[in-house]
Amino acid sequence: MAGVALSRTREALLNLGLMASSTLVFLAFCELVVFRLILPAGDVPANAFINDVVRYEPDQKGVWRVRDEIAAPFSINAQGWNSALPDYPVEKKPGVTRVAFIGDSYVEALQVPVERSFAETTAQALSADARTEPYRFAVSGAPLSQYVQMVEREAVRFKPDAIVVLLIHNDFDESFLLKAGRYTSSFLKFDVRDGQVRGEIPPQPWKAGAMDIVRRSATVRFFLYRWQVRPQALIEAIIGPARASDQPTFAANIDVASAMSRQADIKAATAHGFTRLATLARSVGANLYLVMDGDRGAIQSGAATSPVLALNAIAAEAARAQGLRFLDLHPVFAADWAKNRERLDFVSDGHWSQHAHDVAGRAVADFMRSTQ
């Protein structure tokens, strides 16, 4: 009996070993062949933390892919920013206007070819008057508070003639609320309590961890970035969402009801952020232009208005109170949609489509000319 039991144990171990080795061979085939040659995963630029600012490791190139809709070449330059300019010289060229573009993933613009973002479109349109070079400073997930950090630690040292800050609807409450993410604790935050800004919380240094190695594998990049498979999405697909509502409050990628419940804090953070940006712009003699995204989902669905536009109104009022230049892109996008019916965002991604980048770039250039 003991011999039979030993034989069965040995057989079970052999079967387990065979299964494990087969699994490893399959995973290796997927990693080295399937997701590199047959169904290529998108490239994901590695991050870095330089001069207290989260950015990317300098001198990287690749193709950002989302589903079968987006395959956009990117180029991370010598300073660690996605840009058509391979390097940002500090010394300015005579007769050349320098514009710094500040923002999050919409300015980073990995979804469109590196030379086709709204920053390049704006610069090309302005170059009809004088040659213009666009310096982009942007990283995914950055809120208004981090825009202050990027301008203070990066943009002003290049002494731009103008600074264009693109505002997105999640920029406001995320300037003082910690959002889960790989490097959100490495963003500057405003200390906001009871409708007042009490100070600023310096960013925590960011360092690559073990998961950063894992996420760079072709298999993980394919599912996480190209096919956008999220653990929470899988859970909700199986057991349903954690919260149900007859009238969802999400618009423009934010929970509007949650954000507006903090309206006093948002107004304080917005005013503080705009004050800081204006002071920094004046320190180098740059004109500051604030540009606000519209609710493209509402526009394309035919909705007459959107609750998220309350944030556009807050930003416009804060800019007006300080005498700052402010452009609301919602009516710009609405007019273009009414005329052309061409999508303003990607179906599988939600970021600006190439058409939206072109529309925004032309609108920003016209706005800058008209308010100099």
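Where does M150 lie? M150 sits in helix α4 (residues 144-153). The notes below start from the whole chain and come back to this residue.

1. **Ground rules.** This is a predicted model, in which local features need pLDDT of at least 70, side-chain atom pairs count only at pLDDT 80 or more, and totals for chains, interfaces and linings use all residues. Residues are numbered from 1 along each chain as its sequence is written, and side-chain values use heavy atoms, with hydrogens and water left out.

2. **The whole chain.** The protein chain has 13 helices and 13 strands. Both are DSSP runs, numbered from the N terminus: helices are H or I with at least four residues, strands are E with at least two. Along the principal axes, the C-alpha atoms fill a box of roughly 90 × 50 × 45 Å.

3. **Surface and contacts.** Of the 372 residues in the protein chain, 49% are buried. Buried means under 20% relative accessible area, exposed means over 50%, and partly exposed is in between (1.4 Å probe, protein chains only). The accessible surface is about 18,000 Å², and carbon and sulfur atoms account for 58% of that surface. Accessible areas come from the Shrake-Rupley method with a 1.4 Å probe; for residues, only the protein chains shown count as cover. Take the contacts between residues at least 6 apart in sequence: 71% of them join residues at least 24 apart. Contact means heavy atoms within 4.5 Å.

4. **M150 and its surroundings.** M150 is buried, at 0% relative accessible area. Leave aside its neighbours within four places in sequence. M150 then contacts V53, W81, I102, G103, F137, A138, A142 and A155. M150 and A365 are 215 residues apart along the chain, and their C-alpha atoms are separated by 22 Å.

5. **α4 against α9.** Helix α4 packs on helix α9 (residues 263-283) at an angle of about 10°, with the axes 9 Å apart. Axes are lines fitted to C-alpha atoms, for helices over the stretch in contact, and angles run from 0 to 180 degrees between N-to-C directions. So α4 is roughly parallel to α9. Angles under 35 degrees count as roughly parallel, over 145 as roughly antiparallel, 65 to 115 as roughly perpendicular and the rest as oblique. On the α4 side, the contact uses L144, Y147, V148, V151 and E152; on the α9 side, A269, T270, G273, F274, R276, L277 and L280. By class, that is eight nonpolar, two polar and two charged residues. Here Ala, Val, Leu, Ile, Met, Phe, Trp, Tyr, Cys and Pro count as nonpolar, Asp, Glu, Lys and Arg as charged, and the others, Gly among them, as polar.

6. **α3, an enclosed helix.** Why is α3 largely enclosed by the rest of the structure? Seven of its nine residues are buried. They are F118, A119, E120, T121, T122, A123 and L126. Their cover includes β5 (97-103), α2 (105-108), β6 (132-138), β7 (162-167) and α13.

7. **α3 against α13.** Helix α3 (residues 118-126) and helix α13 (residues 354-370) pack at about 45°, with axes 8 Å apart. The two are therefore oblique to each other. From α3, the residues in contact are F118, T121, T122, A125 and L126; they meet H357, D358, A360, G361, R362, V364, A365, M368 and R369 in α13. The contact has seven nonpolar, four polar and three charged residues.

8. **α12 against α13.** Helix α12 (residues 329-340) also meets α13: the axes come within 10 Å and cross at roughly 125°. That makes α12 oblique to α13. L329, V332, F333, D336 and N340 of α12 make the contact with H355, A356, V359, A360 and A363 of α13. By class there are seven nonpolar, two polar and one charged residues.

9. **Two backbone angles to check.** Most residues other than glycine have a negative phi. D59 has a positive phi, near 60°, and is not a glycine. D59 lies in the loop between β2 (53-56) and β3 (60-66), and is exposed at 61% relative accessibility. Q228, also not a glycine, has a positive phi of about 55°. Q228 lies in the loop between α6 (218-226) and α7 (231-239). With a relative accessible area of 25%, Q228 is partly exposed.

10. **R10.** R10 belongs to helix α1 (residues 2-38). R10 is partly exposed, at 47% relative accessibility. R10 and F346 are 336 residues apart in sequence and 55 Å apart in space, C-alpha to C-alpha.
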